[in-house]
Amino acid sequence: MITIEMMPPLMFGGLILAMLIGFPVAFTLAALGLSFGFLAIHLGFFGFSFLQAIPERIYGSVLANELLLAIPFFTFMGAILERCGLAEDMLDSMGQLFGPVRGGLGYSVIIVGFILGAITGTVAAQVIAMALISMPVMIRYGYNVRYITGVLAASGTITQLVPPSLVLIVLADQLGKSVGDMYLGAWGPSILQIALFAGYTFVLSIVKPGHVPAVPKEARTLKGWALWRKCLLGIIPSAVLIFVVLGTMMMGLATPTEAGAMGAVGAIVLAVIHHKEFSSAGHKVLLAGVAAAGVGTIIGIFFTPNLPFKIAFAIAYLAVAWVCLEVIRIPDLRLLVKQGYETTMRITCMVTFILIGSTCFSIVFLGCNGGVWLEHMLTSLPGGVWGFLIFINLFIFFVAFFLDFFEIAFIIVPMIAPTALKLLTPVVGADAALIWFGIMLCVNMQTSFLHPPFGFALFYLRGVAPREVKSSDIYWGAVPWIGLQAIMVAVVIAFPITVTGLLDAPTKVDLEKIKIEIPEIELPPPVIDFGQPKN
């Protein structure tokens, strides 16, 4: 006889078994949830009316969730930027800028990976684009093959952590926290990770200088202002787009969905201005729009917004619309936008179906006291809070061998979030507990793209690498970088300030010292009406 205490482990075991078989995750979740739901009804654990919560939750938490509207916008932005030529220009200019230094091409890949991660948010395209551009050059100048494959794969996974990552948006939704707070919490680990990658390259250039040689002088074709101009032309538009997307959100000027919409339009503008067929009239209109936006910003900061302020930004908006219309005239850009739409539709549909399936599973799991079972199991681990964090991170690390990020975020994270909140609140406070936990998991899940045998970044590299690059070189090249990411996880666990440092400090209120004082109000003397005297 199956008891209600046996249901949660049976559901969890069935989920793992079905995933190992390879059945699509979204349908596996829905099928398991409904199957165990009907079994629970048959065994009398809850009534049939309990399942009415499934369509209500799907509508309220998935289909009517305004935060999830940001996903197609950010996906479209990344799909446009990954193919528009921005990566090629930045890698070429950065490679020549850092070329005289040992490991210079490695530094350029790391920095460009960070910048592209902040404006694209997609790992696949980033790894492929940087590998196609940088790998032949690094091989030509004598870089160690394992270093090449490792730095390209690791730099591509930076996009998982750098805002405005889709990972952070999904985690914010699943943990019930604001996207802005998740982005603020991610900046510290993002910068530390870049420093760690660059530090490893620097140490390698000292210990084994032959693995990361400098670029020969004759190969550096750009010098002086021409080189700096090319670098700035790649960095400044990217920085503007990053501010439009992230700055407006963090200053409270835009919601994540509105910021994503602006990012999608900004991606089209960047794709147009980087195309060789961008017209001279479009250049002039773009310059006029930039000047008008600058004037409008100055008026808005130092003066009261008035009619000139509105006119300035009206001109800027018209300039953006004019530049976007260039897409119609240029066939390559029309195809680019079409491909962006197709990619966005595929990813958005995948996310939606996984969310629907996970909702079916989680409601039945909680109805069978799965939350209580999981909390009891996790809180009874030896070591208290630190034992819990070490166990969860090891669990996520090994689960990521087989599951994609979305599957981990939609299935596992909602189950362990209540326990994480309960255990981590005494360490960093209730407001920051889940932010710290989410960023920690995000850093951990970067390794899912790197570790053999199922690291997708390694598959992408294998698909575009020359024949002389062996698969063993790709796998062994990833090992040191997995170690660096494991160090980052340990740093985030040991030093929560790396995540919470930019968050607003919680207001501490001593309930014993609260006094409510009500001022005395003088009321007019009452007027008593005894009515007319009776005769």
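This is a predicted model: local features need pLDDT of at least 70, side-chain atom pairs count only at pLDDT 80 or more; totals for chains, interfaces and linings use all residues.

**Stop 1: the nonpolar core**

Select Phe-74, Leu-152, Leu-389, Phe-437 and Ile-439. These are the residues with the most contacts inside the largest nonpolar core, which has 151 residues. Next, colour helix α18, residues 405–428; this helix gives the most to the core, with 15 residues.

Now centre the view on Leu-152. Which residues is Leu-152 in contact with, leaving aside its neighbours within four places in sequence? They are Val-109, Val-127, Met-130, Ala-131, Ser-134, Met-135 and Leu-461.

**Stop 2: Ile-110**

Move to helix α6, residues 104–119, and select Ile-110 within it. Is Ile-110 buried or exposed? Its relative accessible area is 1%, and Ile-110 is therefore buried. Display the residues around it: apart from neighbours within four places in sequence, Ile-110 is in contact with Val-151, Ser-155, Ile-158, Ile-194, Phe-197, Ala-198 and Thr-201. Ala-198 deserves a distance label. From C-alpha to C-alpha, Ile-110 and Ala-198 are 7.2 Å apart in space, although 88 residues apart in sequence.

**Stop 3: two helices with a buried side**

Select helix α3, residues 53–63, and highlight its buried residues Ile-54, Ile-58 and Val-62. Turn the view until you look down the axis of α3: the buried residues fall within an arc of 40°, so they line one face of the helix. An α-helix has 3.6 residues a turn, so residues three or four places apart point the same way. On the face turned away from the buried side of α3, find the exposed residues Glu-56 and Tyr-59. Then display α2 (25–43) and α15 (331–367), which are included in what covers the buried residues of α3.

Repeat the exercise with helix α16, residues 370–379, where Gly-370, Leu-374 and Leu-378 are the buried residues. They cover an arc of only 55° around the axis, which puts them on the same side of α16. The face of α16 turned away from that buried side carries Val-372 and His-376, which are exposed.

**Stop 4: a nonpolar patch on the surface**

Switch to a surface display and select Trp-225, Trp-228, Leu-232, Ile-236 and Val-240. Together they form a nonpolar patch on the surface, with about 550 Å² of accessible area. Pick out Trp-225, which lies in helix α11, residues 224–250. With a relative accessible area of 59%, Trp-225 is exposed.

**Stop 5: the salt bridges**

Return to a side-chain display. How many salt bridges does a search of the whole structure find? The search finds 3.

Begin with Asp-473 and Arg-146, whose closest N and O atoms are 3.2 Å apart in a salt bridge. Asp-473 lies in helix α21 (residues 471–494) and Arg-146 in helix α8 (residues 145–157), so the pair ties together parts that are 327 residues apart in sequence. Asp-473 counts as buried at 14% relative accessibility, whereas Arg-146 is partly exposed at 38%.

Select Arg-329 and Glu-326 next; their side chains meet in a salt bridge of 2.6 Å, N to O. Both lie in helix α14 (residues 307–329), and because they are 3 residues apart, about one helical turn separates them. Arg-329 counts as partly exposed, at 43% relative accessibility, while Glu-326 counts as buried, at 6%.

Finish this stop with Lys-338 and Glu-342, a salt bridge in which the closest N and O atoms are 2.7 Å apart. These two residues are 4 residues apart in helix α15, and about one helical turn therefore separates them. Lys-338 is partly exposed, with a relative accessible area of 46%; Glu-342 also counts as partly exposed, at 35% relative accessibility.

**Stop 6: Thr-500**

Not counting residues up to four places away in sequence, Thr-500 touches Val-428 and Ala-432.

How values were computed:
Residues are numbered from 1 along each chain as its sequence is written. Side-chain values use heavy atoms; hydrogens and water are left out. A nonpolar core is a set of buried Ala, Val, Leu, Ile, Met, Phe, Trp, Tyr and Cys residues joined through side-chain atoms within 4.5 Å. Buried means under 20% relative accessible area, exposed over 50%, partly exposed in between (1.4 Å probe, protein chains only). Contact means heavy atoms within 4.5 Å. The arc is that of the directions from the helix axis to the C-beta atoms. Patches are made of residues with over 30% relative accessible area and no salt bridge: like charges are joined within 9 Å, nonpolar side chains (Val, Leu, Ile, Met, Phe, Trp, Tyr) within 5 Å. Accessible areas come from the Shrake-Rupley method with a 1.4 Å probe; for residues, only the protein chains shown count as cover. A salt bridge is a side-chain nitrogen of Lys or Arg within 4 Å of a carboxyl oxygen of Asp or Glu.
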